[in-house]
Amino acid sequence: MPHPVWPRVLEALRTGGAPALAEVTSTSLGLWLVRATYIAPRADPTPLLELGRGSAGELHDHLCDQLIPALVDARPPADAPAQPFRPQHAWKPEEVGRWLAYLSRQLAQREEDPRDMAWWHLARYTSSHQVRVWAGVTIGVVVGVAFLLLTRVPSASAWIGLLSALLAVIMIGSWFTEPPGHADFHLRGRLSEVLRILRDGLIVGALGALVGYLMASSVGGPRIGLEGARNIGLLSGVGFVFVVSLIRWVERPTVAATARSPRSTWRADRNLTLIRIISGLVVGLMGGAIGLQARLNPTVAIAGGLVLGLLFGLMLGRHHAWLAYKLTVPRLATKGWLPLRAMDFLDDAHRLGLLRTEGPYYQFRHIELQEHLARGRHVTDGDHQVARGRAARSR
């Protein structure tokens, strides 16, 4: 049954007693706001009468304030199977409003299209300096300790750790501005590139084998020289150049025109990162096997090789958007600007009807709501309850 106040609202519209309400509902957006905030939830429309006599701007702001709580309350999380118009997680209305207000303010500061909200742009919303420093220190310590265990030379290990830290700080800096990528294993039209990779791997492997033979034979004779040639040749040719070249061949930037959805680009860049990590671990295992042949401690050889290979895999490539996202979101979450499950939240905001998708981008479904949130005020759950209570008392 319609609320008993609705006849009074309709009468005010017919007689001109609510000019602000008439102006707001003369647009499709205004009608949708009224439907979402008062008609669908069967709320008391008395505030429409009161604010309808004032200014259209004030009424519009009131409807925008009530929109997020109304949609969140009206669409609780869906049980399995997933439903396209119901969220998959429970969110508090005041949190949804605060997070969307933060995103709208960031969009308002962009020089590019202020409507396109990209998940990889989150890494650009806050300084990465502190993360880069801590990541560099961590990598430097890990590399230094690994080399110390492998070589037993403290001075050289310290210098290698320091250089690794500086290199990591420099290289990680670009992660926060890199676009997402994906892995493309199609051979059609790219066979010449694969042949060049094989050629480069064979050449560098042959040179590595020659260097390994000369170094090892000068210490242990021809037999040891052959072992050194095999080990260094494989590590340099197959384990290094081939893997590096293969990653460069596989990596492709994600083109906005062909991207299916924001979530698909997020997953594609994550999968590309996993491929790089696995490739680095393969190189690390090869290095560990060489360490075992050199009679190093098995634990030290394998663990050191895997750690160094992991870092090698992380540093490879030109697309680290997913890694930058993972380094950024926890910092935004500690400040209350976004949840830790930022992608889940954006997906659910899309299901709630607050956002839409355009290729790899999210966009506010209505630019007016985005501008309203960017002005700095968003409704809290307390505001929502007060408004409902005031309406109930005025019956």
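This report describes the fold, cores, selected residues, salt bridges and a surface patch of one predicted protein model.

## Basis of the model

Local features are given only where pLDDT is at least 70, side-chain atom pairs count only at pLDDT 80 or more, and totals for chains, interfaces and linings use all residues. Residues are numbered from 1 along each chain as its sequence is written, and side-chain values use heavy atoms, with hydrogens and water left out.

## Overall shape

The protein has 16 helices and four strands. Both kinds of element are DSSP runs numbered from the N terminus: helices are H or I runs of at least four residues, and strands are E runs of at least two. The radius of gyration is 30 Å, well over the 21 Å that the globule rule gives for 395 residues, so the protein is more spread out than a compact globule. This radius is taken over C-alpha atoms, and the rule is 2.2 Å times the number of residues to the power 0.38. Along the principal axes, the C-alpha atoms fill a box of roughly 105 × 45 × 40 Å.

The accessible surface comes to about 20,400 Å², and carbon and sulfur atoms account for 64% of it. Accessible areas come from the Shrake-Rupley method with a 1.4 Å probe; for residues, only the protein chains shown count as cover. Of the 395 residues, 45% are buried. Buried means under 20% relative accessible area, exposed means over 50%, and partly exposed lies in between.

## Nonpolar cores

In soluble globular proteins, nonpolar side chains tend to be buried together. A nonpolar core here is a set of buried Ala, Val, Leu, Ile, Met, Phe, Trp, Tyr and Cys residues joined through side-chain atoms within 4.5 Å. The largest core has 71 residues, and L100, L103, F345 and L354 touch the most other members. Helix α5 (residues 56-74) supplies the largest share of this core, eight residues. A second, separate core has six residues, including V243, V283, F312 and L316.

Leaving aside neighbours within four places in sequence, the contacts of L354 include L67, I68, L71, V96 and L100. Also among them are A349, Q363, F364, R365 and L369.

## Two residues and their surroundings

M315 lies in helix α12 (residues 298-315). At 18% relative accessibility, M315 counts as buried. Not counting residues up to four places away in sequence, M315 touches I139, A168, M171, I172, W175 and H320. P339 is 24 residues from M315 in sequence, and their C-alpha atoms are 27 Å apart.

G359 sits in the loop between β3 (355-358) and β4 (361-364). With residues up to four places away in sequence left out, G359 touches A256, A259, R260, S261 and P262. G359 and W175 are 184 residues apart along the chain, with 22 Å between their C-alpha atoms.

## Salt bridges

Side chains of opposite charge can pair when their charged atoms come close. The whole structure contains six salt bridges, each defined as a side-chain nitrogen of Lys or Arg within 4 Å of a carboxyl oxygen of Asp or Glu. One of them joins R14 and E11, at 2.8 Å from N to O. Both residues lie in helix α1 (residues 6-15), three residues apart, about one turn of the helix. R14 is exposed, with a relative accessible area of 62%, while E11 is partly exposed at 38%.

R276 forms a salt bridge with E251, with the closest N and O atoms 2.7 Å apart. R276 lies in helix α11 (residues 262-293) and E251 in strand β2 (residues 251-253), so the pair ties together parts that are 25 residues apart in sequence. Both R276 and E251 are buried. D347 and R263 also meet in a salt bridge, at 2.7 Å from N to O. D347 belongs to helix α14 (residues 342-352) and R263 to helix α11, 84 residues apart. D347 and R263 are both buried, and a network of salt bridges links R263, D344 and D347.

## A nonpolar surface patch

V133, W134, V137, V141, V145 and L149 make a nonpolar surface patch of about 530 Å². Patches are made of residues with over 30% relative accessible area and no salt bridge; like charges are joined within 9 Å, and nonpolar side chains (Val, Leu, Ile, Met, Phe, Trp, Tyr) within 5 Å. V137 is found in helix α7 (residues 129-151). V137 is partly exposed, with a relative accessible area of 42%.

Terms used
Buried < 20%, exposed > 50% of the residue type's maximum accessible area, 1.4 Å probe, protein only. Contact = heavy atoms within 4.5 Å.
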